Amino acid sequence: MTDIAIRGGTIIDGIDDYDPFQFLEDPYPTYRMLRETSPVHRVRDGLWVISSYDAVSSVLCNDQAFSNAGTRLMMLGGLASGMRASEESLLAARRQKQKELGLPQLLDTDQGWNENTLISMDPPEHTALRHVINQGLTPRRVADLAPRIRQITNAAVDRILSGPNEFDLTEQLASQLPVTVISEMLGVDAADADDFKRWSDLIISGITGELAVSGPEPLLRTLHEVAEYALRIVEERRRNPKDDLISVLVDAERGETLTPIQVVDFVIILLTAGNETTRHLIENAMIALLDHPEQLEKIRADPSLIPQAVEEVLRYDGPVQALFRQATGDVELDGARIAKGDILTVLLGSASHDDAKFPDGDRFDIYRDTQGHMGFGFGVHFCMGAALARLETGIALEVLLTRVPDLRRVDGPLERIDSFHVRGPRQLRLAYGT
């Protein structure tokens, strides 16, 4: 196989030992190698990496052949076993570890937190649960948030402009905006935002980062802590319903459409992953625009370009890079024979760079046709929070670019978060003015 040079001077000698943790800084040259040499690539027996647009869309649009059980395995700690263990053995190991750590179940159920949530279900169970939750995320409810999102963003920019001309966009806006919006939607105290951030970081690393490989203890302790918090809020809403999303979910539970653990699990998802991905979308958008100043200037001159710029960021450097699926039977995919039970790592970030779908796919271009990008996934599991993430990111960019002059990156390395699944920086140091 021909060597390929990666930005920064690193050389990959091949893809036989593909390991996504090796390429957190810049995975896209490796994605290109996979697409060009082995778009349906067997890493080893039982584990595949899917990188071309056609193959990725085929997997995500066929939930009968490719089950979301692959996501459950990952969430249960399958990375620690190289995705080799069965769901039953992972469940048994998790529950034994919970006992050893003294973490009792908080509800009268055999199911633990994040063992079978909305993001790891298959139809028809997924379809029914998604329909109920969508009642709290209607287009009108999301659109009505725009004035409040703008108010939060302007207040953050006020604080930025009143301080030093160097600041951390992550701390001062990108993490604060989505966590405040989610908190208010759920009806929980935004003063707990530091806890939400800490939980998010630990859960992301504990499922798709180095903590997932080192062992389950940090993840299990974090899940227990956030579940205790969420359960207190759910119980309070049973006694005192309000005009918020948790009250909508609790009302659905009373109609026996949702179970108590499903309500708490979805609150956990929103408190953690729901704010993490939007944070990184805002950060990745600023990085892409500041790295392409000629396109940034076009947006400054014409802010109506912001929505299509957000779509291009989702395609070019989206916050969610990969999903997992499991073959329900023997199946052929792009000429490769995949066996029942095999695990597929589906590379959304690679599919969105595929030249066959997006010509010159490694180039950032706010004018390109981005229809069909994989930034929010594809198929029945298309992100439920897509409209909210687009709204928050668009307003954040508009306010920043309108009010903060001469934005630029501060020199220094850009350290990435500990995950090959979620892509974004740990912090984003920016400066403005002269």
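Predicted model: local features only at pLDDT ≥ 70, side-chain atom pairs only at ≥ 80, totals over all residues.
Local features require pLDDT of at least 70 and side-chain atom pairs pLDDT 80 or more, while totals for chains, interfaces and linings use all residues. Residues are numbered from 1 along each chain as its sequence is written, and side-chain values use heavy atoms, with hydrogens and water left out.

Helices (H or I, at least four residues) and strands (E, at least two) are DSSP runs numbered from the N terminus. Strands count as paired if DSSP finds at least two bridges between them. Five strands form an open sheet with mixed pairing. Their order is β3-β4-β10-β7-β5. β3 (40-44) and β5 (66-67) stand at the edges. Each has a single partner strand, so one side of each lacks a neighbour in the sheet. β5 runs antiparallel to β7 (residues 322-327), and two bridges join them. Ser67 has Gln326 in β7 as its bridge partner.

Helix α2 (residues 53-60) lies across β3, β4 (47-50), β5, β7 and β10 (343-347). The helix runs at about 125° to β10. Axes here are lines fitted to C-alpha atoms, for helices over the stretch in contact (heavy atoms within 4.5 Å). Angles run from 0 to 180 degrees between N-to-C directions.

Another open sheet has three strands in the order β6-β12-β11, with antiparallel pairing. β6 (166-168) and β11 (408-409) are its edge strands, and each pairs on one side only. Three bridges link β6 to β12 (residues 429-431). Phe167 stands opposite Leu430 in β12.

Helix α10 (residues 193-208) has 16 residues. From first to last C-alpha it reaches 22 Å, close to the expected 22 Å. The expected span is 1.5 Å times one less than the number of residues. Buried residues (under 20% relative accessible area, 1.4 Å probe, protein chains only) of α10 include Phe196, Trp199, Ile203 and Ile204. The buried residues of α10 pack against α3 (69-75), α9 (176-186), α11 (210-214), α12 (217-239), α14 (260-271) and α15 (273-291).

The structure holds ten aromatic pairs (ring centres of Phe, Tyr and Trp, its six-membered ring, within 6.5 Å). Tyr53, Phe358 and Phe378 form one aromatic cluster. Arg315 lies over the face of Phe358, at 5.6 Å from the ring centre. A charge sits over a ring if NZ of Lys or CZ of Arg is within 6 Å of the ring centre and within 35 degrees of the ring normal.

Ala386 is found in helix α19 (residues 386-403). Ala386 is buried, with a relative accessible area of 3%.

How values were computed. Phe/Tyr/Trp six-rings, centres within 6.5 Å; stacked < 30°, edge-to-face > 60°. Buried < 20%, exposed > 50% of the residue type's maximum accessible area, 1.4 Å probe, protein only.
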